[in-house]
Amino acid sequence: MTATPPPRRTRTPAQPAVPMRLMHAPTSHGLVVPYITLAHRDRSQPVWGALDPVRRLHALTRKLCQVCGETLQIYGEPFGDRVVLYLRPSDYLRGIAVEPGVHQECGHYSQRACPTLHGRSTRYNPSSLGERLTRCDDLECGCARWTVTETPPTTPTREGQPAEAWYQAWLALSDYTIVSDPGNDNVAPALGVDIRNARLLKLRKIRDATPTNTGDRPMDLLATLITARGLLGDANHV
């Protein structure tokens with residue numbers, strides 16, 4: 001009697017194959033939980049769309065990958081001194097990438113797994129952060145201290161808003177410099193990666209902004225700048 005083979009496990013678009021570098025990372029519903037994502041002590045219970053401020057600070061100042069949490073320097077590998085950043089046109093115009101960099105492999109996974117970067121999501125988190133900060137029964141979990149920081153009325157929030165265009169940028173680790181931006185009446189202060197004074201080795205769009213209710217796409221000033229530089233033969237570095 002011939003044994004019946006087990007059914008083949010199918011993957012949804014939201015569950016890409018996990019690369020070797022992330023095999024030991026915590027997962028939730030088949031997706032890797034990034035190092036800087038806010039999560040309970042059991043990191044298989046993340047608060048998707050929320051960042052852990054302490055882990056984000058560690059990743060920036062210690063030059064760690066925001067996905068796997070390991071150092072961005074990879075010795076002995078080709079392009080081991082390259083860092084991948086993900087940013088919006090507003091980040092570029094401001095001159096600072098507010099999210100830490102990633103390894104090439106971790107970035108490739110994120111582009112397929114993250115609904116925003118992949119383009120499957122047309123809006124940012126529809127529910128408020130307060131609704132997602134649920135408490136667990138683990139008395140040693142830090143979730144009991146989670147709070148929602150009040151933002152000034154003039155500061156725009158991304159929750160529920162149409163997704164913006166996103167870009168992938170490459171730079172050398174030697175150009176990976178952390179700077180502080182004081183912000184203004186419309187933009188909150190931020191700590192992030194300096195891209196105003198860094199030489200970007202590559203810059204390409206990975207998704208378009210969500211069209212408006214009229215079907216038009218918001219103006220992407222960075223795309224216009226890239227096109228203009230491309231006409232001058234400088235498409236990769238703007």
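These legends describe close-up views of a predicted model.

**View 1. Model confidence along the chain.** Residues are numbered from 1 along each chain as its sequence is written. In this predicted model, local features need pLDDT of at least 70, side-chain atom pairs count only at pLDDT 80 or more, and totals for chains, interfaces and linings use all residues, while side-chain values use heavy atoms, without hydrogens or water. Mean pLDDT (the predictor's confidence in each residue, from 0 to 100) is 83 for the protein chain. A value of 70 or more is reached by 78% of its residues. Where pLDDT is low, the predicted coordinates should not be read in detail.

**View 2. Ala-169 in strand E7.** Strands (E, at least two residues) and helices (H or I, at least four) are DSSP runs, numbered from the N terminus. E7 spans residues 166–172 and contains Ala-169. Ala-169 counts as buried (under 20% relative accessible area, with exposed over 50% and partly exposed in between; 1.4 Å probe, protein chains only) because its relative accessibility is 0%. Beyond four places in sequence, Ala-169 touches Val-83, Val-84, Leu-85, Leu-87, Leu-200, Lys-202 and Leu-203.

**View 3. The largest nonpolar core.** A nonpolar core is a set of buried Ala, Val, Leu, Ile, Met, Phe, Trp, Tyr and Cys residues joined through side-chain atoms within 4.5 Å. The largest has 38 residues. Leu-22, Leu-85, Leu-87, Tyr-176 and Leu-203 have the most contacts inside it. Elements giving two or more residues to this core include strand E5 (82–87), helix H3 (104–113) and strand E10 (202–207). A second, separate core has seven residues, among them Val-47, Cys-141, Cys-143 and Trp-146.

**View 4. Asp-91 in helix H2.** H2 covers residues 89–94 and holds Asp-91. Asp-91 counts as buried because its relative accessibility is 3%. Its side chain makes a polar contact (N or O atoms within 3.5 Å; within protein, one able to donate a hydrogen and the other to accept it; residues adjacent in sequence count only if both atoms are side-chain atoms) with the side chain of Arg-88, at 2.8 Å. Beyond four places in sequence, Asp-91 contacts Ile-96, Val-98 and Ile-195.

Notes. Contact = heavy atoms within 4.5 Å.
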